[in-house]
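Visitor: Hi, I'm new to this one. Could you put it up and walk me through it?

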Amino acid sequence: MKTIYSVSAKSTGGRNGHVVSDFNLIDADVQLPKALGGIDDQHLTPETFFAAGYAACFDNAVMHITRMEKVRVDELHVTAKINLVQLDTGMMALAAELGVELYGVDQETAIDIVRKAHKICPYSNATRGNIEVRLMVNGVLIS
């Protein structure tokens, strides 16, 4: 395996602490969400960063597939929703929902593109088999 890019972030104080990334691109407080005893939900959490990263990465994977297959789309948006869930064992885990809005192609083509993107996205590959990932295309659940 050959590393082509690397970045790091340092946390102090856990979920009620502070995170700083390389070059101080992220330099922010994180706080517990209300569900875990925090004051409210209007603060950054680790899940916020994961959602942003997954959305951007998956968006790029969809764009890559459309370029490779020479499919012209009018509009593309990816929303990643990261859920912190409690398992039956009491342990905490993550689950993800990727909502893809892909306009300018028929629904069948949009679904095909999203399924192919899910196979190549590094975040999808990292989560596959580890957490539940639901895919929605233009408001329709496909997996």
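Visitor: Which residues form one aromatic cluster?

Guide: Phe-50, Tyr-54, Phe-58 and Tyr-123 do. Rings of Phe, Tyr and Trp (its six-membered ring) pair if their centres lie within 6.5 Å; planes under 30 degrees apart count as stacked, over 60 as edge-to-face and the rest as tilted. Before we go on: this is a predicted model, where local features need pLDDT of at least 70 and side-chain atom pairs count only at pLDDT 80 or more, while totals for chains, interfaces and linings use all residues. Residues are numbered from 1 along each chain as its sequence is written, and side-chain values use heavy atoms, with hydrogens and water left out.

Visitor: How many aromatic pairs does a search of the whole structure find?

Guide: Four.

Visitor: And what is Phe-58 in contact with?

Guide: Leaving aside neighbours within four places in sequence, the list includes Val-78, Leu-98, Val-114, His-118 and Leu-135. Contact here means heavy atoms within 4.5 Å.

Visitor: Which residues touch the most other members of the largest nonpolar core?

Guide: Tyr-54 and Phe-58, out of 26 residues in that core. The largest share, eight residues, comes from α1. A nonpolar core is a set of buried Ala, Val, Leu, Ile, Met, Phe, Trp, Tyr and Cys residues joined through side-chain atoms within 4.5 Å. Buried means under 20% relative accessible area, exposed over 50%, and partly exposed in between, with a 1.4 Å probe and protein chains only.

Visitor: OK, α1. What should its 23 residues span?

Guide: Helix α1 covers residues 46-68 and should span 33 Å at 1.5 Å a residue; its end C-alpha atoms are 33 Å apart, so the two agree. The expected span is 1.5 Å times one less than the number of residues. Helices (H or I, at least four residues) and strands (E, at least two) are DSSP runs, numbered from the N terminus.

Visitor: What do the buried residues of α1 pack against?

Guide: β4 (75-86), β5 (92-103), α2 (107-120), α3 (122-127) and β6 (132-137).

Visitor: Switching to α2: which of its residues are buried?

Guide: Ala-110, Ile-111, Ile-113, Val-114, Ala-117 and His-118. Seen down the axis of α2, they fall within an arc of 165° (taken from the directions from the helix axis to the C-beta atoms), so they line one face. The face turned away from that buried side carries the exposed Glu-108 and Lys-119.

Visitor: What caps the N-terminal end of α2?

Guide: Asp-106, with a side-chain oxygen 3.1 Å from the backbone nitrogen of Glu-108.

Notes
A polar contact is a pair of N or O atoms within 3.5 Å; within protein, one must be able to donate a hydrogen and the other to accept it, and residues adjacent in sequence count only if both atoms are side-chain atoms.
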